[in-house]
Amino acid sequence: MSRHPEVKWAQRLDKVYITVQLPDSKNAKVDLTPDGIFTFSATAGSEDHLYELKLELFDKVNVEESKINVGVRGIFTVVQKAEIGWWKRLLKGEGKPPHYVKVDWDKWVDEDEDEGLGDLDLGGMDFSKFGGMDAMGGGDFDESDDEGQEVSKPEKQETGNEKEGGEQDAGKSTGKEAAPST
C-alpha cells in the first residue's frame, strides 16, 4: 500500500507553486497534463516505502511553461496556469482538501498584495521543463538544491562591557533589556 507525501502550495496570478516534501526520495516520477492532473510517485525511507499522489488541480495548466526541480529534501514545481487569474483553491473538488495538502505560508501572497507577474526568488534552483518528464524517473538526484549558497552570520555589536567569550560584565549596564528565555 502506498503512502502520501506532504504537499505544500501557494499561488500567484499566473502560476502555482507545489512542493512535495519527501526527503531522500528515489526514482521520483512526476507528470502533469494540460487538464491539470498532477501525479507523483517515488520511494523513500530506509525500507523504500512507495509514495504516490494524484491531484486534480483547480483549472487547466500550461505544461510546456511549467518547471520542476527534484532536490534532496523534496520536489518543487512551478505550474504555469493556462489562464491568468486567482484560483479559489488548489484542487478541483469542493470541500476540505486531503490532510496532506497544506498552504505554503512561506511562499503565499494575498491576491491584493500580488504585484503582477513577479517571480519568487528560487535560490538558483535548476529546473527542468515538464515536457521531458518521462526521463525524470531514472535520474540521479544526489545533488543538493542549496549548493553554492552562502550563509552569513549576523554581525555582533560590541558594547565595550564584554568579557572574553561574549559575556557581559555584570557590574555595568548597557541599557538594553534581556530577551526572555523560553
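Which residues form the negative surface patch? Some notes from my pass through the model, which is a predicted one.

1. The patch first. D110, E111, D112 and E113 together make up a negative surface patch. Of these, E111 sits in the loop between β8 (101-103) and β9 (128-129). With a relative accessibility of 53%, E111 counts as exposed, because the cut-off for that class is over 50%.

2. Now for β4, residues 37-44. Of its 8 residues, 6 are buried, so the strand is largely enclosed by the rest of the structure. It has a partner in β3 (residues 26-32), to which 5 bridges join it, and the two run antiparallel. β4 is also joined to β5 (residues 49-56), here by 8 bridges and again antiparallel.

3. K29 has S41 in β4 as its bridge partner. For F40, the bridge partner in β5 is L53.

4. The turns deserve a look too. The hairpin of β3 and β4 has 4 residues between the strands, and G36 there takes a positive phi near 95 degrees. β4 and β5 also form a hairpin, with 4 residues between them, and in that turn G45 has a positive phi of about 90 degrees.

5. On to charge pairs. Side chains of opposite charge can pair when their charged atoms come close. Searching the whole structure turns up 5 salt bridges. One of them joins K102 and E6, with the closest N and O atoms 3.4 Å apart. This pair links distant parts of the chain: K102 belongs to strand β8 and E6 to strand β1 (residues 6-11), 96 residues apart.

6. What about E94 and R89? Their side chains meet in a salt bridge at 3.6 Å, N to O. E94 counts as exposed, at 71% relative accessibility, while R89 is partly exposed at 23%.

7. Last, K107 and D104, whose side chains meet in a salt bridge at 3.0 Å, N to O. Is this pair's lysine, K107, buried or exposed? K107 has 19% relative accessibility and therefore counts as buried, since that class takes in anything under 20%. D104 is buried too, with a relative accessible area of 4%.

Note on methods. Residues numbered from 1 in each chain as written. Predicted model: local features only at pLDDT ≥ 70, side-chain atom pairs only at ≥ 80, totals over all residues. Heavy atoms only, no water. Patch = residues over 30% accessible without salt bridge, like charges linked within 9 Å, V, L, I, M, F, W, Y side chains within 5 Å. Areas by Shrake-Rupley, 256 points an atom, 1.4 Å probe, with all protein chains shown as cover. Salt bridge = Lys/Arg side-chain N within 4 Å of Asp/Glu carboxyl O. Lys, Arg positive; Asp, Glu negative; His and termini not counted. Charge placed at Lys NZ, Arg CZ, Asp CG, Glu CD. Buried < 20%, exposed > 50% of the residue type's maximum accessible area, 1.4 Å probe, protein only. Pairing = 2+ DSSP bridges.
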